[in-house]
Amino acid sequence: MPRMIHQFATAALLATGNFTSAKGGAYTSSTLRAGAFVPPTSAMRSQAAAFSAKTNTMPKGKGGANTNTPRAASPALPAHRDDPIAHDDQSDAARTHTSNSPLFRSSPSSLSQHAQKQQVHPPSALHAHYDNAFFQRSKEGPSGGGDAKADEKEAPQASKAVAAATPAAPPAPMLKSPKEAYDAFADKGMQNAKKSDGQVLHQSILGGAYVGFAGLLSLIVAGNLPGIAESNPGLVKMAFAALFPCNLLFITTTGGQLFTGNSATVAAARYENKVTNRELLNSWGVSLLGNIIGCGVMALAASYTGLLSGGAAKLAASMATTKVFGGTTMQILVKATLCNWMVSLALYLSGAASDLTGKLVGIWFPISTFVAIGLEHSIANLFLLPSALLLKVPGLTLGNVIAKNLIPAIIGNAIGGALVVAGSYSYQFGSLGKDHRKRFDARLMEYEARKERERQYVRFIQSAERSYQLPAALH
């Protein structure tokens, strides 16, 4: 049946409430959607009477049928509707059509003929499906012809048709804006700090173990390039730097925690008043303890299994000696600050990406940068230096490892994460720079208002010159 005829039938149903089936019941807009049959109620008839009075519908005669007194023509209904079953959205003017109209006493064939005379556009497949089901129910009633089974078959089909017609949601952006990335950065810190001590310790042990895995991989591959190392030592550093970033990918995608990362993310959460000072210090302390355990266990496992031997053992001994005796305490602190600048930036870029490829790219470049340069990462040193102690490298002791490297490296990492990264981006996008941004916005609005006044003045002078032909000397 054409779409307009279907809309007329629905309008009559909504207007009178007495469009009955063969069994004496009534169909409403809601029952048409559900394919169910409900008996007419007094409330329905009262609403129909009120609506008829509202639209100046003439009273019924003695026989119960409407009189034939002519009424004003109702506005034409639209020839197309996106939702064929959204009958409740019909206008009041459309609802003045009653079921006494010849259209509603006609069969589907006569309605089609009427539609052809009116030049109504042919319906879609979904409209034809609902039209046929509508007239079949009105003839057979709630139980005749197997309505229940037909309803069960029609409902999924209608749902699929409506779902197919619904436009797909736009894809999520692959990269957050800098402001959104900072908000996600601070939220990550809040989530890490709000976890229980047991959860933080467990995730930190796993994070330390992943750093140990990456360190062992880099030592084994880069340490067993003897010919290349002698002719071009830069390639050995590049091989080490290319492999080591895998640890942060493991950590970020599995929910692990590192002290170096928490020094930035939890500090950002503190700047935004999402955590307390106690939660900040607790997160730093527990995560550092877990990283020590995870890295120490991996160093013991590598030494016990003999994996740390040959070229890998030589490279570990050389790197450990350089880290402990190759610079002053202040130099190590500065290198550690620069190091965690890169590590925290890797976390920032990883959080800005929404897919695994973007996270890998965001992690790889900053981490490979600090490794190739030779900066000090306290958690990586917690694997490398204990490994060198287990190899019994001459001159290395637990005391000078802690005093000359680990302590300044931990302090420098905390400064780089909490101040350089979290502090600067909070000033740019968060709470630390809120007052400054307000002052800047006020000055910008004042500047734009002044420029607008100048433009208005220039337009006034130009208009005056055109109207009165003032000489240029008057200006």
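Predicted model: local features only at pLDDT ≥ 70, side-chain atom pairs only at ≥ 80, totals over all residues.
Visitor: Is asparagine 405 buried or exposed?
Guide: Asparagine 405 belongs to helix α18, which covers residues 398–429. Residues under 20% relative accessible area are classed as buried. Because the relative accessibility of asparagine 405 is 0%, this residue counts as buried.

Visitor: With which side chain does the side chain of asparagine 405 make a polar contact?
Guide: Leaving aside neighbours within four places in sequence, asparagine 405 is in contact with Lys323, Ile332, Glu376, Asn381, Leu385 and Asn400. A polar contact at 3.3 Å joins the side chain of asparagine 405 to the side chain of glutamate 376.

Visitor: What distance does helix α16 reach from its first C-alpha to its last?
Guide: Helix α16 runs over residues 356–373 and has 18 residues. At 1.5 Å a residue, a reach of 26 Å is expected, and the model comes close to this, with a value of 26 Å.

Visitor: Which helices do the buried residues of α16 pack against?
Guide: The buried residues of α16 are Gly362, Ile363, Pro366, Ile367, Ser368, Phe370 and Val371. Just after α16, glycine 374 takes a positive phi of about 100°. As for the packing of the buried residues of α16, their partners are α10 (233–243), α11 (246–254) and α15 (329–352).

Visitor: How are α8 and α11 oriented to each other, roughly parallel or roughly antiparallel?
Guide: Helix α8, residues 197–223, packs with α11 at an angle of about 155°, and their axes are 8 Å apart. The contact is made by Gly207, Tyr210, Val211, Ala214 and Leu217 of α8, together with Cys246, Asn247, Phe250, Ile251 and Thr254 of α11. Angles over 145 degrees count as roughly antiparallel. The two helices α8 and α11 are therefore roughly antiparallel.

Visitor: In α8 passing α11, is the crossing left-handed or right-handed?
Guide: The angle of about 155° describes how α8 and α11 pack, while the handedness describes how α8 passes α11. For this pair of helices, the crossing is right-handed.

Visitor: How far apart in space are alanine 193 and asparagine 262, C-alpha to C-alpha?
Guide: Alanine 193 lies in helix α7, residues 178–194, and is buried, with a relative accessible area of 7%. Its contacts, leaving aside neighbours within four places in sequence, are with Val266, Val275, Glu279 and Ser283. Alanine 193 and asparagine 262 are 69 residues apart in sequence, and their C-alpha to C-alpha distance in space is 8.4 Å.

Terms used: Residues numbered from 1 in each chain as written. Heavy atoms only, no water. Helix = DSSP H or I, 4+ residues; strand = E, 2+ residues; numbered from the N terminus. Buried < 20%, exposed > 50% of the residue type's maximum accessible area, 1.4 Å probe, protein only. Polar contact = N/O pair within 3.5 Å; in protein donor to acceptor, adjacent residues only side chain to side chain. Contact = heavy atoms within 4.5 Å. Expected span 1.5 Å × (residues − 1). Axes fitted to C-alpha atoms, helices over the stretch in contact; angles between N-to-C directions. Parallel < 35°, antiparallel > 145°, perpendicular 65-115°, else oblique. Left-handed = near helix turned anticlockwise from the far one by under 90°.
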